Amino acid sequence: MGKLILVRHGKTVLNSLDDEERLRGWLDIPLDEQGLREAREAADRVARHPVQRIYCSDLNRARQTADAVIRATQAPIVYTSELRPWNLGSLTGERVKDILPTLLQLEVDLEMPAPEGESFLAFYTRYSQKLMELLAIAADSPGCIVAVTHHRNVLAAPTILQGGDKTKIPVRGGPKTGDLLWVEQKAGKWNLRIEDGSQSDTIPSGVLNSPVVQTGSSPLAGSTATADPGAD
């Protein structure tokens, strides 16, 4: 049985981590210099494992991250819009601090569409179906399946896998740009582990059967950290 590795794309100029942080959404922005470096570092870690296939959001910042993984692994790739983040329409490009109340309301009222975008439920349904499809592919694979995606997608993964409350998905924290999230099933339960550059690539044999196992400095579920708010 293989494993699924979710890769959060590298940093862009809009991932500023301060009051100027702007909502990325479906804006097709490229990686900045730090993001290109993070992509190479993530690719080097991924390449230590037998990668069978790469799936990737079709937005530029994800494609650039996947390019590094392709060079490192020589694995075939499939691009798909189903791995895009939440489409927040005309809210994209706005400062997160200015629209945070609107974002939080959209996450509570699941069927309310963002202006010129999609509802959170539409995003959640689209992405959860793709995530479960990739997990099924990984289960039948002798190696690893890689999916290059976005911040909100990674934050939603534990809730999808555990059947949790869609309105309680954190908007902050989780893997940093360029980090990896390992997903595997043991004894019928999903196990997740964040891996950054300082962590071992091997999933510990005593990994806990919880929605998230935190082995790095980046919490995933229920986080109140200040890093990276917004739909990316």
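Trainee: In the hairpin of S5 and S6, which residue takes a positive phi, and how many residues lie between the strands?

Mentor: Ala 187 takes a positive phi near 50 degrees, and two residues lie between the strands of that hairpin. This is a predicted model, in which local features need pLDDT of at least 70 and side-chain atom pairs count only at pLDDT 80 or more, while totals for chains, interfaces and linings use all residues. Residues are numbered from 1 along each chain as its sequence is written, and side-chain values use heavy atoms, with hydrogens and water left out.

Trainee: What makes S5 and S6 a pair, and in which sense do they run?

Mentor: Strands are DSSP runs of E with at least two residues, helices are runs of H or I with at least four, and both are numbered from the N terminus. Two strands pair if DSSP finds at least two bridges between them; S5 and S6 have seven, in the antiparallel sense, and Glu 184 stands opposite Asn 191 in S6. Strand S1 (residues 3-8) also pairs with strand S5 (residues 180-186), in the antiparallel sense over four bridges, and there the partner of Ile 5 is Trp 182 in S5.

Trainee: Why are S3 and S6 called edge strands of the sheet?

Mentor: The sheet is open, with six strands in the order S3-S2-S4-S1-S5-S6 and mixed pairing. Strand S3 (77-80) and strand S6 (189-195) each have a single partner strand, so one side of each has no neighbour in the sheet. On average, neighbouring strands are turned by 20 degrees against each other, direction ignored.

Trainee: What makes S6 largely enclosed by the rest of the structure?

Mentor: Buried means under 20% relative accessible area, exposed means over 50%, and partly exposed is in between, with a 1.4 Å probe and protein chains only. Six of the seven residues of S6 are buried, so S6 is largely enclosed by the rest of the structure. For the protein chain, 54% of the 232 residues count as buried.

Trainee: How do you know which strands the helices H1 and H2 touch?

Mentor: The test is contact, which means heavy atoms within 4.5 Å. Helix H1 (residues 33-46) packs on the sheet and touches S1, strand S2 (51-57), strand S4 (144-149), S5 and S6, with its direction at about 30 degrees to that of S5. Helix H2 (residues 60-73) also packs on the sheet, touching S1, S2, S3 and S4, and its direction makes about 165 degrees with that of S2. Axes are lines fitted to C-alpha atoms, for helices over the stretch in contact, and angles run from 0 to 180 degrees between N-to-C directions.

Trainee: Why is H4 called roughly perpendicular to H5?

Mentor: The axes of helix H4 (residues 120-139) and helix H5 (residues 151-162) come within 10 Å and cross at roughly 75 degrees. Under 35 degrees counts as roughly parallel, over 145 as roughly antiparallel, 65 to 115 as roughly perpendicular and the rest as oblique, so H4 is roughly perpendicular to H5. Residues making the contact include Phe 120, Tyr 124 and Leu 131 of H4, and Arg 152, Val 154 and Ile 160 of H5.

Trainee: What is known of H5 that lets it be called mostly covered?

Mentor: Eleven of the twelve residues of H5 are buried, among them His 151, Leu 155 and Pro 158. What covers the buried residues includes S1, H3, H4, S4, S5 and S6. Just after H5, Gly 163 takes a positive phi of about 65 degrees.

Trainee: How do you know whether Gln 74 and Glu 116 are buried or exposed?

Mentor: Gln 74 lies in the loop between H2 and S3, and its relative accessibility is 65%, so Gln 74 counts as exposed. Glu 116, in the loop between helix H3 (96-108) and H4, has a relative accessible area of 73% and is therefore exposed. Neither residue is a glycine, yet phi is positive in both, at about 60 degrees for Gln 74 and about 65 degrees for Glu 116. Most residues other than glycine have a negative phi.

Trainee: And why is Ser 141 called buried?

Mentor: Ser 141 is in the loop between H4 and S4, and its relative accessibility is 7%, so Ser 141 counts as buried. The side chain of Ser 141 reaches the backbone nitrogen of Gly 143 at 3.1 Å.

Technical notes. A polar contact is a pair of N or O atoms within 3.5 Å; within protein, one must be able to donate a hydrogen and the other to accept it, and residues adjacent in sequence count only if both atoms are side-chain atoms.
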